[in-house]
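This short report looks at the disulfides of one structure. Please view the sequence and the model first.

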Amino acid sequence: MRRGTRLLGLASAWGLASGCPTLEAYQCERDADCNRAGLEGRCLADAACAYPESEGRCESGWARSVNAADAPGACVDEEPPPNPTTNPDPTLASSDGSTSTTDASTSAASTETGDGSAPCGWTATLDVETPLFSPGTGLSDFVLWVPLQDAGLDAQLEDASLGLRITAEDGTILPYEREDGVDGTPALWLHLPDFDADATVRVSFEFKPGLTPPGPAEVWSPTLIGVWHLDDVPTGLEDAPVTNSVRPPDAGTMRGSMEVEQHVAGVTGPALAFDGDDDIVLVPNSFTGMLDAYTVSFWARTDSTDGSLVGSFFQRLNGDFFYPRCWHGASGVGRVICQHEVAGAVASTSSDDPLEQGEFIHVAFTRDPSTQTTTLLVRGETEGEIDDPKGTLDTNEQAYPLEIGRGEWGSLLGVIDEFRVSDRALPQAHIRADYRSQVAPGASLTFGTPSTLNCPD
């Protein structure tokens with residue numbers, strides 16, 4: 001955004017009252033600059049902002065900003081087209097023929113503007129190289145794990161007065177959910193815009209006062225009905241909560257008096273360690289008994305060195321007494337074995353290789369009723385498949401709650417992280433991208449140098 005060289009009494013008075021860096025007439029470069037009083041405006045060709053007007057005086061429903069350098073508050077003939085990118089003419093003349101340019105001298109280390117005032121915000125770009133986790137395949141509704149410890153945004157993230165907004169190149173606001181690590185290192189889950197195969201996705205981070213984060217459900221709800229990050233800190237008391245980011249009423253509870261020491265580092269932020277005895281996360285879901293198609297995925301680690309000790313990852317996903325369920329068997333530390341029941345018939349499949357003690361693996365179990373197939377994927381690759389009979393996924397009249405970390409075959413001695421449920425069969429490309437982007441967090445991310453933002457008009 002820019003400030004022009006023309007001084008107006010209205011703009012000068014507003015600038016003095018708000019402590020902005022300059023007193024010149026406000027000029028925008030893109031739609032995101034037009035956010036006075038939290039409104040979402042449009043950046044016009046003469047670098048003035050236009051906003052929706054609700055008084056009915058403008059036939060188009062849009063009027064120029066009351067702080068515009070020329071014709072403040074005047075109606076706009078028609079709804080302005082979106083202008084999400086920087087104005088292609090950085091020397092665009094103002095209404096009196098003078099020109100203005102953006103000051104490119106501001107650096108990431110700068111905490112003041114040229115006149116000594118504090119900036120009103122910060123912006124930085126993020127380039128996401130999607131071929132690194134989704135080679136040859138575009139994806140919709142993909143949520144990316146974004147660690148921020150190397151983004152150069154430490155001061156902005158720690159400033160409680162600043163809110164964060166993330167936008168795509170077309171100006172669309174992208175929802176995100178903050179999930180810091182056990183040690184406090186900042187990270188978030190970002191719902192990417194739909195992208196084509198091998199595209200580079202560029203998004204903008206904007207830190208400004210008054211911006212509020214989106215609700216987590218906006219991040220996840222298009223494809224998922226349950227996301228338990230398992231990052232809740234145990235209290236040592238029964239029924240400590242375990243948050244579902246998609247559906248807060250479907251929160252789980254910890255059983256087995258899990259202690260704070262069981263709040264451990266996972267693959268994506270914190271995770272829960274299970275003691276192999278009586279620990280369990282119990283989740284009475286609103287979707288219990290309603291699944292036909294499904295995908296369940298999670299990161300798991302077994303810490304057992306006892307070949308006879310069997311541990312369950314989950315069971316009772318659809319409210320059946322056992323099924324669907326997955327566990328590791330009693331052979332070494334065991335292969336991953338998964339089962340479900342369709343039309344009264346139980347079907348099983350397993351992974352190719354035993355688990356490695358102390359090593360996280362990504363597991364996904366997914367059913368597509370349209371093809372009557374159920375697939376087990378480990379580390380993003382298919383390792384088992386079931387040809388289902390026709391029929392719906394079985395449940396019980398008494399709907400049993402989902403159990404994470406324990407089942408018929410015993411409690412897990414190990415760790416579970418990022419347990420997710422979808423009510424559809426997610427494609428293998430999506431599951432593979434989850435695995436690849438999370439096992440190497442940050443590998444596909446390049447942050448630009450943060451720069452200061454001037455005040456909104």
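## Disulfides in the model

With a torsion of 110° about the S-S bond, the link of cysteine 326 and cysteine 338 is right-handed. This link connects distant parts of the chain. Cysteine 326 sits in strand E20 (residues 325-328), and cysteine 338 sits in strand E21 (residues 336-342). The two are 12 residues apart. Cysteine 326 has 0% relative accessibility, so it counts as buried. Cysteine 338 is also at 0% and therefore counts as buried.

The model is predicted. A search of the whole structure finds four disulfides. The table lists some of them, including the link described above.

| Cysteine pair | S to S distance |
|---|---|
| cysteine 28 and cysteine 43 | 2.1 Å |
| cysteine 34 and cysteine 49 | 2.1 Å |
| cysteine 326 and cysteine 338 | 2.0 Å |

Now take cysteine 28 and cysteine 43, which a disulfide joins. Cysteine 28 lies in the loop between strand E2 (26-27) and strand E3 (42-43), and cysteine 43 lies in strand E3, so the pair ties together parts that are 15 residues apart in sequence. The torsion about their S-S bond is about 95°, so this disulfide is right-handed. Cysteine 28 and cysteine 43 are buried.

Next come cysteine 34 and cysteine 49, also joined by a disulfide. Cysteine 34 lies in the loop between E2 and E3, while cysteine 49 lies in strand E4 (residues 49-52), so the pair ties together parts 15 residues apart in sequence. Which hand does the disulfide of cysteine 34 and cysteine 49 have? The torsion about its S-S bond is about -80°, so the disulfide is left-handed. Both cysteine 34 and cysteine 49 are buried.

Note on methods. Residues are numbered from 1 along each chain as its sequence is written. This is a predicted model: local features need pLDDT of at least 70, side-chain atom pairs count only at pLDDT 80 or more; totals for chains, interfaces and linings use all residues. Side-chain values use heavy atoms; hydrogens and water are left out. A disulfide is a pair of cysteine sulfur atoms within 2.5 Å. Helices (H or I, at least four residues) and strands (E, at least two) are DSSP runs, numbered from the N terminus. Buried means under 20% relative accessible area, exposed over 50%, partly exposed in between (1.4 Å probe, protein chains only).
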